[in-house]
Amino acid sequence: MIRLKGPQRQVFLSPHRFRLLVAGRRFGKTYLANVELFRAASGPGRNAWYVAPTYRQAKRIAWNPLKQLTRPYWASKPQETDLRIELKGGGTIALRGADRYDSLRGEGLDFVVLDEYASMAPAAWTEVLRPALADRQGKALFIGTPHGFNHFYDLREAAQEQSDWATFRFTTEEGGNVSAEELRSALRELDERVYRQEFRASFENLTSGRVYYAFDRTDIQPLEYDPRFALCWSLDFNIDPACSVLCQVVHGHVQVLDEIALRDSSTYDVCKQFASRTREWVESFNHGALPVHVYGDATGDSRKSSASRTDWQIVRDFFAGNGREYKATFRIPSRNPEVKDRINCVNAIISNAGGQRRLAVSPKCKQLIRDLEQVSWKTDANGSSIGDLDRSDRLRTHLSDALGYLIVWDFPMRAKIGYRPEWLGM
Ligand SMILES: Nc1ncnc2c1ncn2[C@@H]1O[C@H](COP(=O)(O)OP(=O)(O)OP(=O)(O)O)[C@@H](O)[C@H]1O
Ligand SMILES: [Mg+2]
């Protein structure tokens, strides 16, 4: 039985020709979209479309739930190759992707729902979908979770001024499909801004100003190596400076004990420095070789830093040659995570949405502290963010990059509820 929740019903019952719904993750947006499609396609000759940012996403997100919802009303078996359902009443529902919107021309529509509109090429609407509604006076529903101040935000601003539009905004909690326990776990896992965007449906500027915005001087604390926990060494293979951090993860907290930042040096020099910085810990360790977890940059396996050996090969050889002193395990991904995802993970450790702080940095780590305080997002000539780090100062970003490799490995965002890593392309 179909039963919309209160906030979904508000949207469903709104008589406006154009509606726009901003809602948190797992609010029930796609469910509502499917119910809307079913209503819109009820009647002979009626034509309703579901559009997602890509055709593959449309299929992955909406196809199975839509089939389930409409099954008793099928006129024939759904067309799997064209993602089209013919209903007994004579109407049609089809799923489409905005990635190839030129191929969508030529059909008149009674209704279109644009799901995840914040991640969609906006030209799909202006160039193809809007004109397709013209002859039948078709209706449209835009749905999405905010994704910075992009075209979704602009559309909402414009919509609020127009009489044939209605706009709605609901949080994940108001949707009533996510348990309090799941919301608490998201609060722990995400930093405050990401949480506000994803769960409170708020438009946030995630890529302007300071990158590690929550870091402050209270996170700088004298720290001692604790032999009960493994030593973690995380490397960024920049040539000048070559950067790495020495850390320990203690009961879910990341403690940065020391940094190694060498100008103009080779990966051999970096290993030598590591040996000298850790000598005291190795000598006082009473249980055999010192356990070391090694983290870092995936590209270190492709870049040849000497005539024949890659950076990682040099590090591996170093540990193989010093097996009495160190017992190393390597935690290196086959490819690097997206920069934005890595930064979101670091920010969530600095301070999560519940206000818990889990990073401590020794005052010895002068360059890392500078990074955490100074690294900023790059802007274009108009001052708009372009979603990349400002790397104009060659001394900046590498130590915080190194720290990020460790954090993203040990504290990944599991995307269990809500969070959309960039690699999902959403
Ligand atoms: N009215 C409802 N009755 C029963 N279950 C619902 C209802 N609305 C949503 N759900 C269920 O809640 C879950 C989340 O819904 P849905 O996938 O539509 O959310 P969403 O906002 O599109 O999520 P996402 O942000 O991940 O795209 C699904 O399992 C869905 O079946
Ligand atoms: Mg959805």
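Over which residues does pLDDT stay under 50? Hello everyone, let's start there. In this predicted model, pLDDT, the predictor's confidence in each residue on a scale from 0 to 100, stays under 50 over residues 422–426. The model has 17 contacts for that stretch beyond four places in sequence, where contact means heavy atoms within 4.5 Å. Where pLDDT is low, the predicted coordinates should not be read in detail. For the chain, the mean pLDDT is 93, and 96% of the residues reach 70 or more.

A quick word on conventions. Residues are numbered from 1 along each chain as its sequence is written, and chains are lettered from A and ligands numbered from 1 in the order in which they are written. Local features need pLDDT of at least 70, side-chain atom pairs count only at pLDDT 80 or more, totals for chains, interfaces and linings use all residues, and side-chain values use heavy atoms, with hydrogens and water left out.

Now the whole chain. Its secondary structure comes to 13 helices and 15 strands; these are DSSP runs numbered from the N terminus, with helices being H or I of at least four residues and strands E of at least two. The C-alpha trace spans about 80 × 45 × 40 Å along its principal axes. Of the 426 residues, 54% are buried, meaning under 20% relative accessible area, with exposed over 50% and partly exposed in between (1.4 Å probe, protein chains only).

Next, please look at two helices, H11 (residues 339–350) and H13 (residues 398–410). Their axes, lines fitted to C-alpha atoms over the stretch in contact, with angles from 0 to 180 degrees between N-to-C directions, come within 9 Å and cross at roughly 80 degrees. That makes H11 roughly perpendicular to H13, the word for 65 to 115 degrees; under 35 is roughly parallel, over 145 roughly antiparallel and the rest oblique. On the H11 side, Arg342, Cys345, Val346 and Ile349 make the contact, and H13 brings Asp401, Gly404, Tyr405, Ile407 and Val408.

Finally, two loop residues. Ser14 sits between helix H1 (6–13) and strand S1 (18–23), and counts as buried because its relative accessibility is 10%. Beyond its neighbours within four places in sequence, Ser14 touches Arg19, Ala166 and Phe168 by contact. Gly45 lies between helix H2 (29–40) and strand S2 (47–52), and at 48% relative accessibility Gly45 counts as partly exposed. Leaving aside neighbours within four places, Gly45 is in contact with Gly90, Gly91, Asp110 and Arg136.
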